[in-house]
Amino acid sequence: MQSTATQLTESLAASYARAGGINHLDGKNLPSKRTIADITCDLLRLLFPGFFDEKLIHSSEIKTETKALLEGVLQTLEQETHKSLEYDPPPEAPKSELHQLARSSTFEFLEGLPRIREMLQADAEAAYHGDPAALSIEEVIVAYPFMEAIAVQRMAHELYLKKIPLIPRIMTEWAHARTGMDLHPGARIGSHFFVDHCTGTVVGETCEIGNHVKMYQGVGLVARSLAEGQRLRGRKRHPTIEDHVTIYAGATIMGGDTVVGEGSTIGANVFLTSSVPAHSLVVQEEAKVKVMNKKDHQRQNWDFQI
């Protein structure tokens, strides 16, 4: 058994040397996924006091609780940000200044939380007014996975704009795993955004989404082709959705030069690769549906395929 374990160890060690993919080794230290997940949870607690906590918070204690939570997030996020900047430092920043850059970037990010809260309040209102099943804005915040996904994306987007590597994507992929909604931190998303049900929604890095946009589950705002790989980096690859657009379930809209004009409605299962003007209605032609009696169908012994 010992020799077998030794052989397995040698084999794995050889693969480490050959293929890499190792963290926390010889001073190279990427941000911790688990720590970023914990930070993201604490940030959600700061955005929505009491909604992500088990204990009751008295109004007289909220400043004390907030200060303690902020201090913890500031310290931990600064450390993870420093790791990210060491991994991919800005060309203009000397290595000796990375600590200070991590601290200032983290502080500036946390300064923006009140503004992000205002945006999320508008998203919650859009969800409440856009969904007759919603009992209240509080229910939207506490129960709708969409709110968690957009809250994390809006925070990650701020870090993305500050050119902090790795952390924004770790945050949104954590939310993706929890909610089924894949919102890239690079996407620019306007106010009063709402995705009903949200499962299976994909919004790519260079998407631009206007104000008062409503989408349903399974919508994909994606690139037309990724065959050129890394040569596409930095180019507009994903569509632009203007204000007051509604996109129904299963629609796919592709391409960086595709613009859905203001006030348009995109029907379910539409596959769109070109721009449409403002106030358009785009629908998929109806598929032929045949309704028959099951007993008659069985008597005829047809080969019925789905």
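Start by selecting Leu-12, which counts as partly exposed because its relative accessibility is 46%. The model on screen is a predicted one. Leu-12 sits in helix α1, which covers residues 2–19.

**Whole chain**

The C-alpha trace spans about 75 × 65 × 40 Å along its principal axes. Colour by accessibility, and 40% of the 306 residues count as buried. The accessible surface of the chain is about 18,300 Å², with 53% of that belonging to carbon and sulfur atoms. If you draw the contacts between residues at least 6 apart in sequence, 47% of them join residues at least 24 apart.

**Helix α2**

Next, select residues 33–47, which form helix α2. This helix has 15 residues, and the distance from its first C-alpha to its last is 21 Å, close to the 21 Å expected at 1.5 Å a residue. Show the side chains of Ile-36, Ala-37, Ile-39, Thr-40, Leu-43, Leu-44, Leu-46 and Leu-47, which are buried. An α-helix has 3.6 residues a turn, so residues three or four places apart point the same way. Which elements cover the buried residues of α2? They include α3, α4 (98–111), α5 (113–130), α7 (145–161) and α8 (167–179).

**Thr-81**

Move to helix α3, residues 62–87, and pick Thr-81. Is Thr-81 buried or exposed? Thr-81 counts as buried, because its relative accessibility is 2%. Its side chain reaches the backbone oxygen of Leu-77 at 2.7 Å. Leaving out residues up to four places away in sequence, Thr-81 touches Ala-102, Thr-106, Ile-164 and Ile-167.

**Ser-275**

For the last stop, select Ser-275, in the loop between β13 (271–272) and β14 (281–282). Keep Ala-37 of α2 displayed as a reference point. Ser-275 and Ala-37 are 238 residues apart in sequence, and their C-alpha atoms are 38 Å apart in space. Ser-275 has a relative accessible area of 40%, so it is partly exposed.

Now display what surrounds this serine. Beyond its neighbours within four places in sequence, Ser-275 is in contact with Asp-257, Thr-258 and Val-259. Two distances can be drawn from its side chain: one to the backbone oxygen of Asp-257, at 3.1 Å, and one to the backbone nitrogen of Val-259, at 2.8 Å.

Note on methods. Residues numbered from 1 in each chain as written. Predicted model: local features only at pLDDT ≥ 70, side-chain atom pairs only at ≥ 80, totals over all residues. Heavy atoms only, no water. Helix = DSSP H or I, 4+ residues; strand = E, 2+ residues; numbered from the N terminus. Buried < 20%, exposed > 50% of the residue type's maximum accessible area, 1.4 Å probe, protein only. Polar contact = N/O pair within 3.5 Å; in protein donor to acceptor, adjacent residues only side chain to side chain. Contact = heavy atoms within 4.5 Å. Expected span 1.5 Å × (residues − 1). Areas by Shrake-Rupley, 256 points an atom, 1.4 Å probe, with all protein chains shown as cover.
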